[in-house]
Structure formats: structure tokens, C-alpha cells
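Here are my notes for you, point by point. Keep the model open beside them as you read.

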Amino acid sequence: MAPLLQARGITKRFGGLTAVSDVSFEIEKGSIVGLIGPNGAGKTTFFNMITGLYTPSDGDMIFNGQRINGTKPSEVTKLGIGRTFQNIRLFAHMTALENVLVGQHCRMHTGLLGTLFRTPSMRAEEKAARQKAFALLEYVGLGRNSADEMAKNLPYGDQRRLEVARALATDPKLLLLDEPTAGMNPKETDALTELIYRVRDERDLTVLLIEHDMKVVMGISERVTVLDRGIKISEGLPREVQTDPKVVEAYLGTGHAAKGKGGGAPVFDKA
Amino acid sequence: MPNTKRYLTTGGVGFAVGTFFLWNYPNLGLGAALLGGLVIAALCLLYSAPLPDMIKAGLIAGMFGAVMTIVYGTHKPGVAIIAGMLSGLGAGLLAFQRSPQANPKKAAILGAEAGAIAGAWTGLALFVMAFVIAPAAGISAGDFAEHLSETVILADTLGLGSDILILLFAFGFSTLTGALLGAAACAARSLPLRPNIPLLAVIALPVLLIPLIDRAGNLLLLDALIPIYIFILLALGLNIVVGYAGLLDLGYAAFFAIGAYTTAMLSSPHLGINLSFWLVIWVAAAVAAIAGLTLGAPTLPLRGDYLAIVTLGFGEIVPILFRSLGGGPPGGTLTLRFFGMPIGIEQVDLTGGNKGINPISPPHLPLIGDFEPSNKIPWYYLLIVIMGLAIFFINRLRDSRQGRAWMAMREDELAADAMGINVVRTKLLAFSMGAMFSGFGGAFYGAFIGAIFPSSFDFSVSIILLCMVILGGLGNMTGVIVGGLLIQGADKMFIPKGAELFRRIAETKARAEDTSTVGVSALQDLTQQRLLLFGIVLVVMMLVRPEGLLPNERRKAELHPDDDTINSNSVAAEAEADPSLAA
């Protein structure tokens, strides 16, 4: 089976700086893949190249058999890639329900005339969209009471969930989560991890996540890719990656690498 | 004590105003002191927290009624009645908004109390007017009451002889109608019907009745009201661009001009094309919408300040273009050089240059015939229809896929893009829709005024429109309408009439003292200061309430329209039943 997303020799240069250099990797359909690396490793740049915010300087990004280099973000979303943001980017002054409805925008078809004259098909579409939005809010664990709450007034954890609901509303095949548990307490993190599993299992999705929290990444990902200074340095099962000396070195510096070989790096103890 | 500062500020302002009056117009001293005291007392009451909402609402709306009564009183005392009605209605709605009552009866009582307070305020202002201000302006209390009785038809029928009785009657009348309308407004809103319809009825009724009251009382309000409504229509269109889509447009008057000039060119003897207004208004709207696209396309990558500068330029260019399209003597040629080759173009006077286009044909209807400039009533109703349609369709646009896309783009353009919204199309749609409504406004304006000049569409029009949108509350149609009524009402009604009142008072005083009437005080000519006043109001607003008078509230009610109620059980059940949704 062909992989859902395939990156072939992706490179991104900003002027003289090469943020991502010749990275190739694949995501199998139905898998949960983690993309990790120290700060400045090029994770988010890579993410932005998938979603169309940046165009790769070199290489090909192939989604579902289609080359998507330089496709506009809205078109990429339409093809089936939904995303969340590292620092939450909800539509702050719209209600939770409206946020999810906006997510469904690219799956709706009513045109201007349909809107102005509120045709039966527009009403039906709107009603269905609304029901789906309510269902999605419930699915991610936001109660009915939150539906009319302004997004900016929701608690932090709920905002993260709402972002997931909004991304799911675009009917993605591939869901990109940019540090979904950033700033969450352990309880919220566990709940979100559980949600990611559920999303994958019940909705037949493929998930790519960037994460700093090693515990989350190692616990949830089936495969992990490690970037450091724009270069892919390791790839494989979480357990393999964890003990890869290059990874340990990238995270903790050369001094620790030797120690890491012996007893495993301290950061990964909890994993 | 957090309110102390406010009491002190209000007191200080009141003291300054009172001193000014006493110093300049000693014969006004008593009335000024009385009225100033009341206003200050009301403001203090408003600021102190524990006051019931209905009293606050009554006071707020009542002050509007009182100001209207005093400003218009010397001309048309009957305005007091309308002011009492309107402020009662406003008070009822305000009271309801602040403390909604589910029970229609309780709501009616709440509205009646608020309405009565507002109406009584207006009535009180009537007394101040009759015994203090009118005499100061050279009208005796008796004359004033007589004027009033001409308006209040019943006063004659009831045989109310004395001035006091007529005044008392008017007082009671404005209090009663205020209370009734307030009660009706409140009760209607709390009915378990679809919320929009009774509310709409309550608001529409006085709006529709104004021409009849106006004619019965010979108040000549329509002359001022029609331009006010036109500006509100324009502000509603601007609100799409600025309020919903978040694109700061400083040249919106350009589209107004385009609509008006399209109408003028196609529906006047000027170019010999004399099409029917009913066709031309659509053409004007379409041309304006296309102009919106034309402006939108090159400005797509621009945001915030940069967009504002470009739109500002556009707003300046369009009137200049219309001015220069009329240039040259008849039969003259304009010579252009194209790669050195001179090309002569016969100059056609398209727009009449500075002289504008005059006359423009009025609309024609089978039963009414041509709309006459002297009879404003058909114009008024035509405009109400246009505005009603505009409000109706803008509402639909906002509560739709397109409207949500505008708002998402306003909130976060990048996130909107990432959620699958085509930002280019969404921006262009906002520009063209906004422009389209001002095209309608421009077409009506051209036909109504009957003559247009490039100077009617200068920068200040764009700015005043923007002020209306910001004052009322960005992105909220009710707010924009209220903001428009306030700013345009001040511009076209209160300030001119207030200035005239000042002038009359000053003249009377000068006559009494046997001095020259020339060069009294600069304040008499308030009309010269109107832009200063708007500036002050805007600065104060930005400091005190930057979100506008009626900010975009949580849209709970709108998201749960009763016709397709999604109650929690049914959706949960459906979600369970439908595996594609739940699982």
C-alpha cells in the first residue's frame, strides 16, 4: 500500500539558512507518527510545508498520490489535511460552535445566491453542518454548554480540544497536531492522548504530531522521526529511537551520549 | 469608593455648564439650573451600581427624549410627543435587554416602568421648555402651549383651555405612550415566539408611522430623517467590510459616489439616457459591486494600516475622476500621446464636472406617479423598503457559510486559510457585497436629491460612516443603526436646531438689552463645531468603551433559531444513531 504522505528530499532554505535539509520520510495510512527534535530542529517548518504555508525549496511532498508542493493552505485542507497550531489559533471572538462550523466551510457548497435566498438545500446543509458540529464538540469532550461559549472564554484544555474538533470538522485524512499537549497538566495530557487514540481508531485517521513532551510522544507514537538542525537523524519505533545515541546526543549534548549508552538517558526514564 | 471620581467629574462638568449659562444668559438661570441639576442627578444615579435596570434604561432613553424636546421645542413642540414615544420604546427594549423576563406580563410591567420614566423625562423637558427656554427665545409660555395644541389634536377636542392643562395633557400623553410602547416592546420580546418577529413589529411600527405623525403634526421631520437613513444604509454596507471581514476601508464613500453617478448618468437628460429608476438602481448596485472587486483585487495582500492607506487613496481618486470626466468645452478634444503618436479623443461631458448632474429623474410608480421633491412620504417608504431588504439580506449573509468565513478571516487570517477558507474569494466577496449596498444607497440618494456634485462624496463622508460603525459597535447591525441614528441625528437634526435655538436666545437677549445681535458668542454657531464634537465623542468613546455602544454580543439566540431548534436530546440521539457522526 502506498503511504498516505511521502516526503522526498524536502529542503527549505530561508536566505542562507537551511531550516530543513533533505528530509525524506513516509507516513503509513492509519498510523500515528511522532516528529520530535530539540528547539529549532525544523519541525514546525516541516509542518508548514505539509500544510502549504511554506513551499519547499527542493524535493517533493506527496499526499495521497498527489504532489502538493506550493498548493495553497486552503486547498491542502480541502485535499484532506487538517491541523492544529502550536500556540492555539482559534477564532477567539466566535463561539465554539461557530469555530467548528468554520472548519466545515470547505466541505459545504452553498453559494452566494443560496445564502441570500436561503434555499431549501442551503437550509438542509446548514442544519446538517450544525448537527455535525454539535456531535464533534461532544466527541472531543466539550459539553453542550460550551457550544455557545466564546472560544477565548474556554479553559485552556478545552481550547486545545476545540482546535482538534475544528480540525476534525474539515474531514481530514491526515491530522497534523502541533504540540497538542503544550502547557497542559498531566491529567489533561492523559485525556488528550486518549482522544488522539480514539480519533485514529474510530475515525480511520492518520495522525502526525509534533511534541516536546517525550512521555506523550513515546507513549502514543507508533513510529518516531527525529530532526536535529534540519536533518533527519533517526527514525523507527519509539524504543529504538529512544536509545539511539544520535538522538540522545542531540537532546543532551555529546557529554551525555556516552553515559546514555550505558544506562539510558534520564529524560526518557518515564517513557 | 470607586464612584467618587465619577461623581466629582460629573459634578464638575455640571457646574461648568451651569456657570456658563448663568454668566451668559441670566434669564435662563433658573431653567438651566433645574435641567442641569436633573441631568447631573440622572448621571449620578446611572453611575451608582445598585439602581434597578429599568430605572437606568428609563433614564438613558429619557435623556434622549428630553434633548430632542428641548432642541426642537421652539419649532415644533409636538416633537416632544414623538420623543416620549420613541424614548419609551427604547427604554422598554433596554430594560428588557438588561434584565430579561421570561414571563410576558412581568416583562410588560418592567417595560412600562422604564417607558413611563422615559416618557416622564420628556414631559418634564416640555415644562422646562414652556416656562424657561421658550420665553428666553422670545416665545411666551402661552404661545408655546398653543403651538403644542396644534399638534396634539385631542387637546382642542377635549377643550383644554389653559396652558397648564395642555402641558399636563402632553406630559401625560408622552408618559403614557412611552409606557405603553415600552411595555409592548418588552412583552413582545419575551413571548415564546421566534424572537425576531415581535421585536421587529415593535420597532417597525413607529418607523412606519412616523410619516403619518409627521404629516398630522406638520413636524417636517422627514427632511432630516431621509438623509439619516441613507447614511445608515451606507454604514450597514461598510459594516460588512470593516465589522465582519475586518478590512479597514477609509474610502467607502467612493462606492456611494459610484452608485449615485451611475444613477445620474443613466437616469437623467444629461447624457440623453433616461432609464427607469427601478432598473437603474440595480445597475448602480452592480456597478458598485464591480468597483468593489476592482478595489479588492489589488489590495488582497495588504492588511491593516496598508489597506487603510490604499482605500483612502481610492476614496480620494473617485470623486476627482468624476470631476475631471466632465472637463473641457463642448466639442473640444483631448490629445493623448501613445508612443509619440498624438491621438485626439473627442471630449464628452460625462459627469458635468464641478457642476454635477442636474436634474436626475425621480422614480415613477403607477398609482403615485413621479415622486415629487415636495412630498417626502413616498421617498420615505421607498427607502424603508430598501433598508429593510438590506438588513434582511445582510442578516442572512452574516449567519451563513460566507458570514462565518468573513469573521474567521477577521479573527485570524492564517488560521482561516488553514481551515480551508479561500481567503482571496472571501475578501473579494466582502468588498463587493459592502460596495453593493452603498450602490443602492447612492442610487436612492441621487434620485432623492435630484442633483449630484463631486463634493458630496469627499473624505469626510467616509470618516463619518466609519465613526457611525465604530460608535455603534463593530460587527453588530443594531449597534451600527443606533450609532448611525446618534451621529447623523446629531449632525442633521440636533446640532443645527440647537444652534438655531442658541441664536434665537441670544437675539432675544440682545433685543431686551437693546444691543447689537452681531458677534455674541462663537458657541451659537454650533454647526461650525460639528466635526470637533464628533472628534471629542470618538476620543471619549475610545477611552471609555472602545468596543462601541452595543458590542457584538454573544450570539446565543441567533445560533438557536426556533424553526430548526437543535435541542440537546435530539442531537445526542441522532449522534448516537448515526455512526458517521458519533463514531
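1. Let's begin with a term: buried area is the accessible area (1.4 Å probe) that two parts lose on being put together, summed over both. Chain A and chain B bury about 4,400 Å² between them, and carbon and sulfur atoms account for 60% of it. On the chain A side, His105(A), Leu116(A) and Asp148(A) supply 15% of the area buried against chain B, more than any other three residues. Counting contacts (heavy atoms within 4.5 Å), 47 residues of chain A and 42 residues of chain B take part.

2. Some housekeeping. You are looking at a predicted model, where local features need pLDDT of at least 70 and side-chain atom pairs count only at pLDDT 80 or more, while totals for chains, interfaces and linings use all residues. Residues are numbered from 1 along each chain as its sequence is written, chains are lettered from A and ligands numbered from 1 in the order in which they are written, and side-chain values use heavy atoms, with hydrogens and water left out.

3. How many salt bridges are there between chain A and chain B? The count is two, where a salt bridge is a side-chain nitrogen of Lys or Arg within 4 Å of a carboxyl oxygen of Asp or Glu. You can find Glu126(A) meeting Arg404(B) this way, at 2.7 Å from N to O. Over all chains, the structure holds 18 salt bridges.

4. Stay with Glu126(A) for a moment. Glu126(A) also forms a salt bridge with Arg130(A), the closest N and O atoms being 3.6 Å apart. Because Arg130(A) and Glu126(A) are four residues apart in helix H5 (residues 120–139) of chain A, about one helical turn separates them. (Helices are DSSP runs of H or I with at least four residues, strands are E runs of at least two, and both are numbered from the N terminus.) Both residues, Arg130(A) and Glu126(A), are buried, meaning under 20% relative accessible area; exposed is over 50% and partly exposed is in between (1.4 Å probe, protein chains only).

5. Now another helix of chain A. Arg166(A) and Glu163(A) sit three residues apart, about one turn, in helix H6 (residues 156–169) of chain A. Their side chains meet in a salt bridge at 3.5 Å, N to O, and both Arg166(A) and Glu163(A) are buried.

6. The partners are 95 residues apart, with Asp178(A) in strand E7 (residues 174–178) and Arg83(A) in strand E6 (residues 81–83) of chain A. Asp178(A) and Arg83(A) are both buried.

7. How is chain A divided? There is domain 1 (1–80 + 173–257) and domain 2 (91–171), with bounds from an automatic or database domain assignment. Their centres, taken over C-alpha atoms, are 27 Å apart. The contact between them takes 21 residues from domain 1 of chain A and 14 residues from domain 2 of chain A. About 1,400 Å² is buried between the two domains, yet the salt bridge count there is zero.

8. Have a look at Tyr139(A). The charged end of Arg198(A) sits over its ring, 4.8 Å from the centre, and the charged end of Arg203(A) sits over that ring too, at 4.3 Å. The rule asks for NZ of Lys or CZ of Arg within 6 Å of the ring centre and within 35 degrees of the ring normal.

9. Finally, chain B. Its secondary structure comes to 23 helices and four strands, and buried residues make up 50% of its 583 residues. Within helix H18 (residues 459–472) of chain B lies Ser462(B). Is Ser462(B) buried or exposed? Ser462(B) is buried, at a relative accessible area of 3%. Leaving aside neighbours within four places in sequence, Ser462(B) is in contact with Leu250(B), Gly251(B), Tyr252(B) and Ala253(B).
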